[in-house]
Amino acid sequence: MKNYWSFFMTLLVVFSACDSKIVDKKRSTNNIIIPNEEVFQTVSLLGDSLFTKIDSTSQSMQIKNLQEAEKQYLEDPTLENLIWIGRREAYLSRYDLAIRTFTKAINEFPEAFEPLRHRGHRYVSIRKFDEAIRDFQNAADLMAGTPIQIEQDGMPNKLNIPLSNVQFNVWYHLGLAHYLKREWDEALEAYKNCMEVSVNDDLKIATLDWYYMTLLKLGRTDDAQELLVQVNSKMDIIENDAYFKRLLMYKGEFQPEKLLNVDSEASDQKLQYVTQGYGLGNYYLSKGDTSMAQSIFQNVIKTGYWSAFGYIASEMELAKLKDE
């Protein structure tokens, strides 16, 4: 009985400490990550419940990186360190925790546009497009006139060269959120702005791909084809090879049937399969081959890689086809 009472008092002290303002200021979100536990994240555009389950073996390094981010924030509670916690949580697909962390950052640093960029991104991941659009628009207002700000990679490319910038990510994901809502005019305007901050070939390719597809959705085929003049086989592509191949396919320089020559079951190729799969499905959709497009979109859904943009876009197309 004495041991039980001692244990109870210990718990009481811990809970009281967690409620204190001092502890709250030093912590991000009091995160609890339990390996192999399925945690609900959102509902897909097709009505399916989507869950996250963290594998302590295959994701051990990502868990360790999150723990290190938490430690760094405890030692130095800066905006940058707080954002890294949220980014690390998102890499583990715990978008619920990431959004909570970015919300904390937004509340504590209301003049900063960086946490709005990251929370908006994760709102897209969980299909909350209106919330994402609001965050990106607020970020765009705050960052107006600021110099290009390189964004460090949490999952570096093969050359370990950060290619992205915050301004690009705001406009790119704003365009995506509008695209996924089928708001083509608004998406187009965002991609026009995005092109202005696409400062290397990788960023240009990523922007041009969605820009091209948006023009097709608007029925502006000639404008879409004119856009492809900017794409050529000599471009220096480090990480956006999937988008590059899609654009070469649109130009007629890459065979459609070769686009999905990747293993959809292999973890290191699944994202490429999903990305290229949506592009190929949309290609057939633009040609009027609804049956082929639908088949490809369904294959994308079978991968289970539900956080990928190509997956979400495939959901959007299948939902639209279902309603027709």
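Are Trp 210 and Tyr 278 buried or exposed? Both Trp 210 and Tyr 278 are buried, where buried means under 20% relative accessible area, exposed over 50% and partly exposed in between, using a 1.4 Å probe and protein chains only.

Before we go on, a word on the model. It is predicted, with local features needing pLDDT of at least 70 and side-chain atom pairs counting only at pLDDT 80 or more, while totals for chains, interfaces and linings use all residues. Residues are numbered from 1 along each chain as its sequence is written, and side-chain values use heavy atoms, leaving out hydrogens and water.

Let's start with the overall picture. The chain has 15 helices and two strands; these are DSSP runs numbered from the N terminus, helices being H or I with at least four residues and strands E with at least two. Of the 324 residues in the chain, 51% are buried.

Now back to the opening pair. Searching the whole structure gives ten aromatic pairs. Rings of Phe, Tyr and Trp (its six-membered ring) pair if their centres lie within 6.5 Å, with planes under 30 degrees apart counted as stacked, over 60 as edge-to-face and the rest as tilted. Trp 210 and Tyr 278 are stacked, at 6.0 Å centre to centre with 15° between the planes. Trp 210 belongs to helix H10 (residues 201–217) and Tyr 278 to helix H13, so their pairing ties together parts that are 68 residues apart in sequence. Another pair is edge-to-face, because the rings of Tyr 283 and Tyr 284 have centres 5.5 Å apart and planes at 75°. Tyr 283 and Tyr 284 are buried too. One aromatic cluster takes in Tyr 179, Trp 184, Trp 210, Tyr 278 and Phe 297.

Helix H13 also has a helical partner. The axes of H12 (residues 241–251) and H13 (residues 270–286) come within 9 Å and cross at roughly 20°.

Finally, look at Phe 102 in helix H5 (residues 95–108). Phe 102 is buried, with a relative accessible area of 1%. Beyond neighbours within four places in sequence, its contacts include Ile 83, Pro 115 and His 118.

Technical notes. Axes are lines fitted to C-alpha atoms, for helices over the stretch in contact, and angles run from 0 to 180 degrees between N-to-C directions. Contact means heavy atoms within 4.5 Å.
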